[in-house]
Amino acid sequence: MVKKYVFGKPLDTEAVVVNVEPVQGVPEYGEVTVKENFSWSVRMEDDDIVYGLGEANRGINKRGFKYVSNCSDIPNHTEDLQSLYAAHNFIVISGKKNVGLFFDEPSKMTFDIGYTHQDRLVVSAERQDMKLYVIDGDSAYDVVKQFRKIIGRSYIPPKFAFGFGQSRWGYKTREDFEAVVDGYRNNHIPMDLLYMDIDYMKDYKDFTVNEENFPDFPAFVDQMKERGIHLVPIIDAGVKIEDGYDVYEDGVKGGYFCKREDGSDFAAAVWPGRTHFPDVLNEDARKWFGDYYKRLLDAGIDGFWNDMNEPAIFYSDESMSELKAFLKDFAQDEDDRIPHYLLQMKVGALANNCEDYKRFFHNMKGEQVRHDRVHNLYGYNMTRAAGEAFERLEPNRRILMFSRSSYIGMHRYGGVWTGDNKSWWSHLLLNLKMLPSLNMCGFLYAGADLGGFGADTTRDLLLRWLALGVFTPLMRNHSAMGTRNQECYGFENIEDFRHIISVRYRLIPYLYSEYMKAALNDDLYFKPLAFVYPDDKMATEVEDQLIIGNEIMIAPVYTQNASGRYVYLPEEMMFVKFMPDGSLETRILSQGHHYIHVALNEVGLFVRKAHCIPLAHAAETVDTIQTGHMEMIGYAGAQYTLYEDDGVRKDYDLEKNSTVLYD
Ligand code: GLC
């Protein structure tokens, strides 16, 4: 049962797609206070678990910390960080009662979940306006499924997007890209996608390609396709200010950029230097910006990643002038009157400063809306610009799209990657924990930078992270410029990498089938154990194992120098290990705790009792996976319903495209 309550004058975020008539009064559950700002609070029972918040720090159970929904470009995801790139304001409180709450408000919000007082959950906004959806259900899982129904179907990528992809910030020339493909193909490590970071562009200008490095770009895209590779270029939010650059000039002419209060175009520096931000909250500007993707589609491109769309701001014209004024004073301060720490503070506060969000405005249906009022909607609408354009330009073909920043609602237009993590073991675990929460908020196509983006990776970390990536819909190895090279073929014993990634390809028919079922049924691809075994107290505390679809459980190894790990099995399961020689080792494990051995070059999974899954032969591209010749693994006598389609068109049909397979 979904109820909606409206306070003040909330803006329409278009996160919810079904019409829910507002109920008068306040929710029975919890307490609403509207003074200068809106807040809602409730007393939590000792055993209550709080799920949700999608892309957020810490655990599956969000209790014991404070989270701030304020899309931020912060690359240091330490344990104390309260905001990441996204704002997913949906939580479920699960205990004796199971209640979901969606705080549909796009300005900054705080979720104090037992942080100030251990038994109090306080959600507060900075304004009085709020659209609050309250969902009652029989279980946390039931609440989530009801929520997913009201926010609309999750984005469905093309099937090739389930292949493995390589990325690195720093590939520049055609030769750089060819060398990566050579590295993978020559070593027979499967691969379908090669990502193009900002250096493919001319001076970081969106929708341009550096012609010196790519003299005939469409021909290059074609040649890559012949090698089974889809190139996936990045598109950044900021449009470079440069005379003669048509996107800039047309944007200025059309009035499509975000403006200052006085009507001039707001300028902020990002990778290209000074840029303007397309006003993607304005429908006309959204269409205008979205249409530029056609340039790359026409060149043969069929996938994109949208970046820097919190939007990231290195500095604005205003903040830079303030800093320069300070620096001038500082330089002239011969008597040391200005404390030196201020220098560091002022410089440090330049990037992604919330003060800048008050300096620009959107045109929403003719109304001038200050950015801080709608901050968390920017990445959503940049990706929506692309998604709507694809619907116009390619109505029958799926285009790969994922974004860094997002708000609930964006899940209908694209997936997410979780931004600039680090080559830290703790981030492998964070990646694992975030996945079911993202799914609860509709983001099914998701993944992290495998191996870690910042800092130098190690061979064992990359292998372990890939072994988790085997199961994440988006499986991409990405790293930052200046860090150790991270391509799989650059490490010792390449066969170990080949093996781990081959396991992914053997599992793709199953993983894709489960993804499609989850998307088409508004269900979860990744579930916490508690959603499947709600009465098992031990299962509700497991934060490092996940259920995928209906059939399997995963328990990745996430510590260094470990030959395996402890697992908890809520019921008897079959432990399957993909051995480096291509064989399978299977063993029935009873309900309870076990230590499982998984070497660096092995992948393990658990098939749930009375279930089975299909397994294809190894292949080097998604296209060449033979689904006609699959073996079944798992329990004898079990059956599996396989969803299969051409992976490109949009005529999804669960019934027509399903086949029952028997073990
Ligand atoms: C941002 C992105 C990262 C990308 C870099 C350069 O930091 O998050 O993935 O490599 O920008 O474009």
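**Pockets, cavities and the ligand site**

The lining of the second largest pocket consists, by class, of six nonpolar, five polar and 10 charged residues. Here Ala, Val, Leu, Ile, Met, Phe, Trp, Tyr, Cys and Pro count as nonpolar, Asp, Glu, Lys and Arg as charged, and the others, Gly among them, as polar. The model is predicted: local features need pLDDT of at least 70 and side-chain atom pairs pLDDT 80 or more, while totals for chains, interfaces and linings use all residues. Residues are numbered from 1 along each chain as its sequence is written, and side-chain values use heavy atoms, without hydrogens and water.

The second largest pocket holds about 390 Å³ of space, and among its 21 lining residues K159, F160, V622, D623 and D646 are the closest to its centre. On a 1 Å grid over the protein atoms alone, a pocket is an open set of points with protein on both sides within 12 Å along at least five of seven lines, a cavity is a set where a 1.4 Å probe fits but cannot get out, and lining residues have an atom within 4 Å of a point. Grid points are joined across faces, edges and corners, and a volume is the space filled by probe spheres set on the points.

In the largest pocket there is about 500 Å³ of space. Its lining has 24 residues, of which D47, I49, S94, G95 and T540 are the closest to the centre. By class, this lining has seven nonpolar, six polar and 11 charged residues.

Four cavities of 30 Å³ or more are present. The largest cavity has a volume of about 130 Å³, and A555, P556, V557, V598 and G604 are the closest to its centre among 15 lining residues. Its lining comprises 12 nonpolar, one polar and two charged residues.

Helix α12 (residues 459-469) is largely enclosed by the rest of the structure, because 11 of its 11 residues are buried, that is, under 20% relative accessible area with a 1.4 Å probe and protein chains only.

Around the ligand lie 13 residues, the closest being D197, D307, R404, D420 and H478; a residue counts if one of its heavy atoms lies within 4 Å. The shell divides into eight nonpolar, one polar and four charged residues. A ligand oxygen atom lies 2.5 Å from a side-chain N or O atom of D420, and a ligand oxygen atom is 2.9 Å from such an atom of H478.

Note on methods
Polar contact = N/O pair within 3.5 Å; in protein donor to acceptor, adjacent residues only side chain to side chain. Buried < 20%, exposed > 50% of the residue type's maximum accessible area, 1.4 Å probe, protein only. Helix = DSSP H or I, 4+ residues; strand = E, 2+ residues; numbered from the N terminus.
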